[in-house]
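The following exercises are to be worked through with the sequence and the coordinates at hand. Each task is followed by a solution in steps.

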2 protein chains.
Amino acid sequence: MARAKKIPSTTVSRLSVYVRALQKLRNEAVVTTSSEKLAEQVGLTAAQIRKDLAYFGQFGVPGRGYYVENLHNELAMILGINRRWEVALAGVGHLGYALLAYNGFKKQGFDVVVAFDKDPAKIGQTWEGVKIYDIAEARHVLPECGAEIGIIAVPAASAQEACDALVAGGLKSILSFAPGRIIVPPDVTVKRVELAMELEWLSYYATNIGERG
Amino acid sequence: MARAKKIPSTTVSRLSVYVRALQKLRNEAVVTTSSEKLAEQVGLTAAQIRKDLAYFGQFGVPGRGYYVENLHNELAMILGINRRWEVALAGVGHLGYALLAYNGFKKQGFDVVVAFDKDPAKIGQTWEGVKIYDIAEARHVLPECGAEIGIIAVPAASAQEACDALVAGGLKSILSFAPGRIIVPPDVTVKRVELAMELEWLSYYATNIGERG
DNA sequence: TATTGTGAAGGAATTCACAGCC
DNA sequence: GGCTGTGAATTCCTTCACAATA
């Protein structure tokens, strides 16, 4: 099933976009679509969509297009989201709490099942049905709760420590909201989301009007 | 000051990273650095850093490197973050509230000064010192409060409506946390952050172990 | 000597364009 | 006729390598 050719990480990111678009079509009971229509829907080019899909196989019917249900299932399987993922959250400050309560994750099959913090006032409590443990206990707690993905929502200064704790607990996939580099063993994947950075990007384009394509 | 050559958007993103690294060095009272040391610090190559900077001018001293303070100021000016930006927030659910209370934005000079929602129970209240207005009032409220950047933190189904309201209020730069495309006039810039998408990216790499570089 | 700034080379991602299939 | 899948062309981005400089 996995192709020999190397897959651009930009392609992987776009698969998520396609899945979301297909979910929408499915909800609207649309049965078939085309690369042209999908492109219009998500704001990319038709050729790009066909190229992206071609990395993984042949899902369309020439002259007809794609079956929404079928393509959705194929892509969900490729992305590994045709299942539930249990997620561990490090840091239940404002951002962490928002993520805990955020519906969008659950809807896509990502369930926060355990949380960690350093604050003694929070440790031992249960928020939104999720129990909060001492981050120092992560190495003991994680192996027992089945979480495979970690989310780091602690201040930058504690990010490395939090990450080390999650890795010690066996996690190999981590999404970090903390600014700055985090060092991990080579078999651990870290994806960073820097919120202030996104605003700075906007600031740049707002400051340098017209530099944009 | 602005160069004639077209600047890759990847370069702009990295400028933020450099600014953050330089801030750290400055806090540690480091006076000079080099492309080599910066590269090590942020996890990129030295050549890339020099290329990125070259789009905007010549900031270094051959044989010596870069003055931390100077380079930081130059980049901050280029990014337009050598000033405060007033930000309007649409949607004060869990995510919106987290963004409202998030320190990271304020630290980098982005101040949420006004918020909007549809929920009558929230309209009129003041959270974290920020007054919440009816989103339908945005076109009247925004011109008076000076906000130039908007953040959309509403559910996907209301995103277009929220965005239209912000644009009607005169905003030209918008950061959206809602999944899906938002249609805006050509002079408005929208940057999207899709949280579930980032998790799906991790899911892919966790599922297809070893496909990674 | 150490390090920048940059032209040239190389690699990656996107777009084009069309043969082939339904 | 309509639309996919894909090699070729193109554009974009990164890395290399070195002349120029303090």
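## Exercise 1. The largest pocket

The largest pocket holds about 2200 Å³ of space. The model examined here is a predicted one.

**Task.** Determine which residues are closest to the centre of the largest pocket, and which elements supply its lining.

**Solution.** 

Step 1. The lining of the largest pocket comprises 45 residues, and those closest to its centre are A:Lys191, A:Glu198, B:Ser13, B:Lys191 and B:Glu198.

Step 2. Next, the lining is assigned to elements.

Step 3. Sorted by class, the lining of the largest pocket has 20 nonpolar, eleven polar and 14 charged residues.

## Exercise 2. The surface near DNA strand C

**Task.** State how many residues surround DNA strand C, and identify polar contacts to its bases and phosphates.

**Solution.** 

Step 1. DNA strand C is surrounded by 24 residues, of which the closest are A:Arg14, B:Ser35, B:Arg50, B:Gly60 and B:Tyr66. Among the atoms of DNA strand C that come within 4 Å of the protein, sugar and phosphate account for 59%.

Step 2. One comes from a polar side-chain atom of A:Lys51, at 3.1 Å; another comes from a polar backbone atom of B:Gly63, at 3.1 Å.

Step 3. A contact to the phosphate is made by B:Ser35, which has a polar backbone atom 2.6 Å from a phosphate oxygen of DNA strand C.

Step 4. H1 and helix H3 (46–54) of chain A and helix H3 (46–54) of chain B each supply at least two residues of this surface. H3(A) provides the largest share, four residues. By class, the surface near DNA strand C divides into nine nonpolar, nine polar and six charged residues.

## Exercise 3. The surface near DNA strand D

**Task.** Carry out the corresponding analysis for DNA strand D: which residues are closest, and which helix supplies the largest share of the surface?

**Solution.** 

Step 1. The residues that surround DNA strand D number 24, and A:Ser35, A:Arg50, A:Gly60, A:Tyr66 and B:Arg14 are the closest. Sugar and phosphate make up 62% of the atoms of DNA strand D that come within 4 Å of the protein.

Step 2. Contacts to the bases are considered next. A polar side-chain atom of A:Arg50 is placed 2.7 Å from a base nitrogen of DNA strand D, and a polar side-chain atom of B:Lys51 is 3.2 Å from a base oxygen.

Step 3. On the phosphate side, a backbone N or O atom of A:Gly60 lies 2.9 Å from a phosphate oxygen of DNA strand D.

Step 4. H3 of chain A and both H1 and H3 of chain B each supply at least two residues of the surface near DNA strand D. The largest share, four residues, belongs to H3(B). The classes are nine nonpolar, nine polar and six charged residues.

## Exercise 4. Buried and exposed positions in chain A

**Task.** Decide whether A:Glu194 is buried or exposed, do likewise for A:Ala29, and explain why helix H5 of chain A is described as largely enclosed.

**Solution.** 

Step 1. Of the 213 residues of chain A, 52% count as buried. Chain A has nine helices and nine strands.

Step 2. A:Glu194 is located in the loop between S9 and H9 of chain A. A:Glu194 counts as buried because its relative accessibility is 8%, and the cut-off for buried is under 20%. The side chain of A:Glu194 reaches the backbone nitrogen of A:Gly180 at 3.4 Å.

Step 3. A:Ala29 sits in the loop between H1 and strand S1 (32–33) of chain A. With a relative accessible area of 62%, A:Ala29 is exposed.

Step 4. Helix H5 (residues 94–101) of chain A is largely enclosed by the rest of the structure because six of its eight residues are buried. These are A:Leu95, A:Gly96, A:Ala98, A:Leu99, A:Leu100 and A:Ala101.

## Exercise 5. Strand pairing in chain B

**Solution.** 

Step 1. Strand S4 (residues 110–117) and strand S6 (residues 130–134) of chain B run parallel and are joined by three bridges. B:Asp117 has B:Asp134 in S6(B) as its bridge partner.

Step 2. Strand S5 (residues 126–127) of chain B and S6(B) run antiparallel, with two bridges between them. Here B:Trp127 is paired with B:Val130 of S6(B).

Step 3. The hairpin of S5(B) and S6(B) has two residues between the strands, and in it B:Glu128 takes a positive phi near 50 degrees.

Notes
Residues numbered from 1 in each chain as written. Chains lettered and ligands numbered in written order. Predicted model: local features only at pLDDT ≥ 70, side-chain atom pairs only at ≥ 80, totals over all residues. Heavy atoms only, no water. 1 Å grid on protein atoms, 1.4 Å probe; cavity = no way out; pocket = protein on both sides within 12 Å on 5 of 7 lines; lining within 4 Å. Points joined across faces, edges and corners; volume = space filled by probe spheres on them. Nonpolar A, V, L, I, M, F, W, Y, C, P; charged D, E, K, R; others polar. Pairing = 2+ DSSP bridges. Near = heavy atom within 4 Å. Polar contact = N/O pair within 3.5 Å; in protein donor to acceptor, adjacent residues only side chain to side chain. Buried < 20%, exposed > 50% of the residue type's maximum accessible area, 1.4 Å probe, protein only.
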